[in-house]
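Q: I would like to learn how to read packing features in a model. Can we go through them one at a time?

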Amino acid sequence: LYIVVSGLVLRQGHRLITRKITTTGALALALSPLPAVTSTQPAALIAALMLCTIPRALVSTIAYPLATGDGARAGIRDGAVLGVMNSIWAGGMVVAPLLAGAVDQAAGPRSAYLVAIVPCVLVSVWLLARDRRQGAVPTVA
């Protein structure tokens, strides 16, 4: 599913490489674990995994060209932009499971999912609203 979605995104070319589409994809990705909040049964967890695949493929496929395009306009070389992005994502991959485990032990798995969902939804909604308020022209790589 990830490969199919990523391939479809690539077929669209630069039309999808915008902040609005990336942020909307991030919002969908943030909401995708909701089945795991409602139930911790295997079917709900599998549904959450399947739901997250589509927006994750979208976001990860367009994040790099979007970031390097903005970086180039700011005079920052691709290697530096990608290094910062990968460092932040790697940090998240280290911190998120530790935080989720701590929240799970303290308050249960549903709370752990909510700790991931709520801030991501709030930031995504804020970014979408900010761009709308500012009448932002979509950034295209």
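Q: Is Trp89 buried, partly exposed or exposed?
A: Trp89 is partly exposed, with a relative accessible area of 36%. Buried means under 20% relative accessible area, exposed over 50%, and partly exposed in between, using a 1.4 Å probe and protein chains only. This is a predicted model, in which local features need pLDDT of at least 70 and side-chain atom pairs count only at pLDDT 80 or more, while totals for chains, interfaces and linings use all residues. Residues are numbered from 1 along each chain as its sequence is written, and side-chain values use heavy atoms, with hydrogens and water left out.

Q: How many aromatic pairs does a search of the whole structure find?
A: A pair of aromatic rings is described by the distance of the centres and the angle of the planes. Rings of Phe, Tyr and Trp (its six-membered ring) pair if their centres lie within 6.5 Å; planes under 30 degrees apart count as stacked, over 60 as edge-to-face and the rest as tilted. Here the search of the whole structure gives 1 aromatic pair. The ring centres of Tyr64 and Trp89 are 5.5 Å apart and the planes are at 70°, so the pair is edge-to-face. The pair links distant parts of the chain, with Tyr64 in helix α4 (residues 42–73) and Trp89 in helix α5 (residues 78–107), 25 residues apart. Tyr64 is partly exposed, at a relative accessible area of 26%.

Q: At what angle do the axes of α4 and α5 cross?
A: Two packed helices are described by the angle between their axes and the distance between the axes. Axes are lines fitted to C-alpha atoms, for helices over the stretch in contact, and angles run from 0 to 180 degrees between N-to-C directions. The axes of α4 and α5 cross at roughly 130° and come within 9 Å. Angles under 35 degrees count as roughly parallel, over 145 as roughly antiparallel, 65 to 115 as roughly perpendicular and the rest as oblique; α4 and α5 are therefore oblique to each other. Contact means heavy atoms within 4.5 Å. Tyr64 and Trp89 take part in the meeting of α4 and α5, with Ala63, Ala67, Thr68 and Gly71 also listed for α4 and Asp78, Val81, Leu82, Met85 and Asn86 for α5.

Q: How do the axes of α2 and α6 run past each other?
A: Helix α2 (residues 19–31) and helix α6 (residues 109–133) have axes that come within 8 Å and cross at roughly 155°. That makes α2 roughly antiparallel to α6. Among the residues making the contact are Thr23, Ala26 and Leu27 of α2 and Cys120, Ser124 and Leu128 of α6.

Q: What does Ser124 touch, not counting residues up to four places away in sequence?
A: Ser124, in helix α6, touches Thr23, Ala26 and Leu27. At 5% relative accessibility, Ser124 counts as buried.

Q: Where is Thr22 placed, and is it buried or exposed?
A: Thr22 lies in helix α2 and counts as buried at 14% relative accessibility. Leaving aside neighbours within four places in sequence, Thr22 is in contact with Val59, Ile62 and Leu66.

Q: How many helices and strands does the chain have?
A: Helices (H or I, at least four residues) and strands (E, at least two) are DSSP runs, numbered from the N terminus. The chain has 6 helices and 0 strands. Of its 141 residues, 30% count as buried.
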